[in-house]
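Please read this briefing with the sequence and the structure side by side. It takes up a surface patch, helix packing, backbone geometry and salt bridges in turn.

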Amino acid sequence: MDTIASLFSFITTPVSWVIVQFHKVYGAVFGPDTGWAWGLSIVSLVILIRICLIPLFVKQIKATRAMQTLQPEMKKIQERYKNDRQRQSEEMMKLYKETGTNPLSSCLPILAQSPFFFALYHVLNSIASNDTVGVINERLLESAQKAHIFGAPLAAKFTDSSEKVAALNSSLTDVRVVTAIMIVLMSLSQFYTQRQLMTKNVDTTVKTPFMQQQKMLMYVFPVIFAVFGINFPVGVLVYWLTTNVWTMGQQMYIIHNNPTPGSKAQAAYLERLSKHVVKHGKTRNRRERAIVKAIVAKGRDRNEYERKFINGLNKAGLAAQGDGTVIKSEATAAAQVEDGTSATGAPRRQQPKRQTKAKRQAGTAKAAGEPTSLIKADEPQSDTKPAAAAKKGNAKPAGSTRSKAQSGQRKGPQRPKSPSKK
């Protein structure tokens with residue numbers, strides 16, 4: 001590790017200068033020889049570096065999403081040229097060039113941050129060895145050696161001997177307890193960050209080897225931090241723990257406000273956006289208009305969550321426009337189909353209402369030319385028909401107004417019997 005740190009010695013002076021400047025500020029508040037002054041100086045160094053790396057972080061997000069989109073095409077190329085490695089590499093480079101994707105872009109923040117990490121390691125290691133480094137002179141060196149974070153010296157390691165720890169005015173138990181807790185927190189923060197990325201911000205409709213690799217890294221990285229963390233000084237552990245916490249918070253913000261299309265985070269975001277747009281009848285800012293504009297531009301290529309968002313606006317009497325705005329339009333909402341395109345054709349066909357049995361029978365009888373008296377049995381009969389029926393001895397009680405089918409006789413209209421030949 002000393003050899004690696006010496007390779008980045010060109011940046012040791014700038015890093016030590018930044019730490020000293022922050023130490024002057026915090027030393028005036030907490031005291032120059034306290035662990036708070038030196039510890040917060042390291043934390044501030046991390047924040048300053050990560051702010052400068054925000055453009056690279058945005059580029060990393062775009063590159064990661066582009067790689068996820070290209071995974072199906074990459075898999076096809078691998079299967080097509082599985083016996084020709086050279087042609088496979090050529091087709092991959094051609095695909096990257098056509099889509100403007102760079103696989104190394106996802107590693108830019110880590111690569112850009114590594115010189116600062118090893119420079120800080122070199123500074124703290126020099127403090128533990130009682131050597132001046134960069135702009136840290138003998139007075140600052142003595143002050144840094146007195147600084148303790150929860151009882152552990154800033155330059156102590158988990159693997160240090162009891163004599164070396166005693167020379168820094170501390171005990172081996174304090175050093176190992178503090179470093180062990182920080183290593184566990186560092187590993188857990190790394191695991192949670194990667195797990196959050198895999199469970200919430202990954203397109204669930206695409207199943208590729210890239211996702212399997214990311215899932216494997218979710219378990220590999222915490223182990224790597226735990227193994228190498230025992231060789232890091234307390235100050236470096238503070239640096240790396242702060243970096244992990246910053247990355248976790250930064251990723252939570254990105255997932256909450258700019259999720260990956262097709263992910264669970266996008267479903268939650270579009271649900272929140274839909275509630276706000278329906279409530280106020282408009283989008284709030286330029287970012288939301290850009291998201292609505294992108295969804296409208298996709299047309300029939302929208303995913304499940306985007307179609308649900310558009311349909312929710314239509315049901316509320318709203319219509320998303322091509323420029324990202326939302327307007328109130330009942331006519332437009334009624335003319336929208338499920339995929340969001342306007343239906344300008346014929347109106348939707350209405351299903352006829354189901355008629356009652358009596359009406360169907362009446363219609364059948366009229367079509368056949370049969371008397372309606374056989375169908376409308378519940379209507380009052382004329383005066384002549386009861387009299388004629390009485391003469392034949394078939395008169396019914398006066399109180400009965402509804403004809404009933406006789407036993408063994410079929411219900412409904414009956415064909416009149418032919419007169420007797422007698």
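A patch here is made of residues with over 30% relative accessible area and no salt bridge, where like charges are joined within 9 Å and nonpolar side chains (Val, Leu, Ile, Met, Phe, Trp, Tyr) within 5 Å. This is a predicted model, in which local features need pLDDT of at least 70 and side-chain atom pairs count only at pLDDT 80 or more, whereas totals for chains, interfaces and linings use all residues. Residues are numbered from 1 along each chain as its sequence is written, and side-chain values use heavy atoms, with hydrogens and water left out.

**Nonpolar surface patch**

- Met216, Val220, Val223, Ile224, Val227 and Phe228 make up a nonpolar patch on the surface, and together they have about 520 Å² of accessible area, a value that comes from the Shrake-Rupley method with a 1.4 Å probe, only the protein chains shown counting as cover for residues.
- Val220, one of these residues, belongs to helix α10 (residues 209-229); helices (H or I, at least four residues) and strands (E, at least two) are DSSP runs, numbered from the N terminus.
- With a relative accessible area of 33%, Val220 is partly exposed, the class between buried (under 20%) and exposed (over 50%), using a 1.4 Å probe and protein chains only.

**Helix packing**

- Helix α2 (residues 12-30) packs with helix α3 (residues 35-52) at an angle of about 130 degrees, their axes being 8 Å apart; axes are lines fitted to C-alpha atoms, for helices over the stretch in contact, and angles run from 0 to 180 degrees between N-to-C directions.
- The helices α2 and α3 are therefore oblique to each other, given that angles under 35 degrees count as roughly parallel, over 145 as roughly antiparallel, 65 to 115 as roughly perpendicular and the rest as oblique.
- The crossing of α2 and α3 is right-handed, whereas that of α9 and α11 is left-handed; a crossing is left-handed if the near helix is turned anticlockwise from the far one by less than a right angle, and right-handed if clockwise.
- For α9 and α11 the packing angle is about 20 degrees, with the axes 9 Å apart, and these two helices are therefore roughly parallel to each other.

**Loop residues**

- Phe150, although not a glycine, has a positive phi of about 55 degrees; this residue sits in the loop between β1 (148-149) and β2 (152-153) and is exposed at 71% relative accessibility.
- Asn169 also has a positive phi, near 60 degrees, in a residue other than glycine, and its place is the loop between α8 (162-167) and α9 (172-200), where Asn169 is exposed with a relative accessible area of 59%.
- Pro261 is found in the loop between α11 (234-257) and α12 (264-280), and its C-alpha atom is separated by 9.0 Å from that of Arg65, 196 residues apart along the chain.

**Salt bridges**

- The structure holds 5 salt bridges, each defined by a side-chain nitrogen of Lys or Arg within 4 Å of a carboxyl oxygen of Asp or Glu.
- One of them joins Glu142 and Lys146 (3.6 Å, N to O), both in helix α7 (residues 138-146) and 4 residues apart, about one turn of the helix.
- In the salt bridge of Lys164 with Asp160 the closest N and O atoms are 3.9 Å apart; Lys164 is partly exposed at 32%, whereas Asp160 is buried at 6% relative accessible area.
- Arg284 and Glu288 form a salt bridge whose closest N and O atoms are 2.5 Å apart, with Arg284 exposed at 53% relative accessibility and Glu288 buried at 0%.
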